[in-house]
Amino acid sequence: MVPADFVFLILATLIVACGFVVVFHSKIIYSAFALLFSFFGVGGIYILLNADFLAGTQLIVYVGGISVLILFGILLTKKIYNLTTEETSTQKIIGGATSLAFLGALAALIFNTDWQIVTTTQEFTPQTLEIGKAFMGNFILPFELAAILLLVALIGAVIIGRDEKKEEI
Amino acid sequence: MFYNSLEPYLVLSAILFVLGLLAMFTKRNAISILMGVELVLNAACINFVAFSRFVENGISGQLVTIFIIILAASEAAVALAIILHLYRHINSINVDEATQLEG
């Protein structure tokens, strides 16, 4: 066991424990905060995988953006402390059984497939330059499409979220 | 050696994926379902980055992950706008009560 192994175990425990809180806590505000810490742990996993740019992006977009957006969504609906997640027991049983079956199938696949591993030791090199070159080279079309998608989502969210009763801009 | 072999990352992402799936299956609250979707997307991202680190030894998995993050951000923004609108209409964010489109 090298120190990085302990880091991996701590991060994995954080992610899975916070994921369990997200799914099983009955108060939605606690779920939202657990989701924030789960995103944080995923950012740490990216660092272990030598993806430094992604770790930064994860912190900025997920922890700083999406989590806060979800918290705003909860706070803008009334009665936060009584806002429960409202489950029914049939859903719990059927959903739980399906999920467990899926987890079993995924585990069987993971351990029975012969992965074509090409490298286990990789020198850390900063990836931002490579990513920038790829975005301006082979990946320019999806990059521009993503820009258009973000613009469409921004305008769409503003128009949908507007209060209809106060019309006429 | 956990951190430099592929399987631990795949197991972690499988657990995260199943947790997200469970949230989508069992919750009736629209924001909780959105949180389940985010967990599933994060699990997929971990898989992409792990494969690009161990199997491909390049960066195309990371590029796909950046696009997933972009999609997740725009999806969360639009979904929360829809949920706020739904709340103003029916005064609840329980997806079972959104029945206006039912024939």
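Mentor: A helix axis here is a line fitted to C-alpha atoms over the stretch in contact, and angles run from 0 to 180 degrees between N-to-C directions. Two packed helices are described by the angle between their axes and the distance between the axes. Keep in mind that this is a predicted model.

The pair in question is helix α3 (residues 52-76) of chain A and helix α3 (residues 60-90) of chain B, whose axes lie 10 Å apart at an angle of about 10°. Angles under 35 degrees count as roughly parallel, and α3(A) and α3(B) are therefore roughly parallel to each other. On the chain A side, the residues that meet α3(B) include A:Phe53, A:Val61, A:Tyr62, A:Ile66, A:Gly73 and A:Leu76. Among those from α3(B) are B:Gln62, B:Ile69, B:Ala76, B:Leu80 and B:Tyr87.

B:Ala81 also belongs to helix α3 of chain B. Its relative accessible area is 7%, so B:Ala81 is buried. Apart from neighbours within four places in sequence, B:Ala81 is in contact with A:Ala157, A:Ile160 and A:Gly161. Further along the chain, B:Thr99 comes 18 residues from B:Ala81, and their C-alpha atoms are separated by 18 Å.

The patch is on the surface and is formed by A:Met136, A:Ile140, A:Leu141, A:Phe143, A:Leu145, A:Ile148 and A:Val152, with about 680 Å² of accessible area together. A:Leu145 lies in helix α6 of chain A and counts as exposed because its relative accessibility is 51%.

Back in chain B, helix α1 (residues 6-26) holds B:Ser13. B:Ser13 has 3% relative accessibility and so counts as buried. Not counting residues up to four places away in sequence, B:Ser13 touches B:Ala43, B:Ile46 and B:Asn47.

The count over all chains comes to one salt bridge. The side chains of B:Arg28 and B:Asp96 meet in a salt bridge, at 3.1 Å from N to O. The two residues are 68 residues apart and link distant parts of the chain: B:Arg28 is in the loop between α1 and α2 (30-56) of chain B, and B:Asp96 is in the segment after α3 of chain B. B:Arg28 is buried, with a relative accessible area of 15%, whereas B:Asp96 is partly exposed, with a relative accessible area of 44%.

Technical notes
Residues numbered from 1 in each chain as written. Chains lettered and ligands numbered in written order. Predicted model: local features only at pLDDT ≥ 70, side-chain atom pairs only at ≥ 80, totals over all residues. Heavy atoms only, no water. Patch = residues over 30% accessible without salt bridge, like charges linked within 9 Å, V, L, I, M, F, W, Y side chains within 5 Å. Areas by Shrake-Rupley, 256 points an atom, 1.4 Å probe, with all protein chains shown as cover. Salt bridge = Lys/Arg side-chain N within 4 Å of Asp/Glu carboxyl O. Helix = DSSP H or I, 4+ residues; strand = E, 2+ residues; numbered from the N terminus. Buried < 20%, exposed > 50% of the residue type's maximum accessible area, 1.4 Å probe, protein only. Contact = heavy atoms within 4.5 Å. Parallel < 35°, antiparallel > 145°, perpendicular 65-115°, else oblique.
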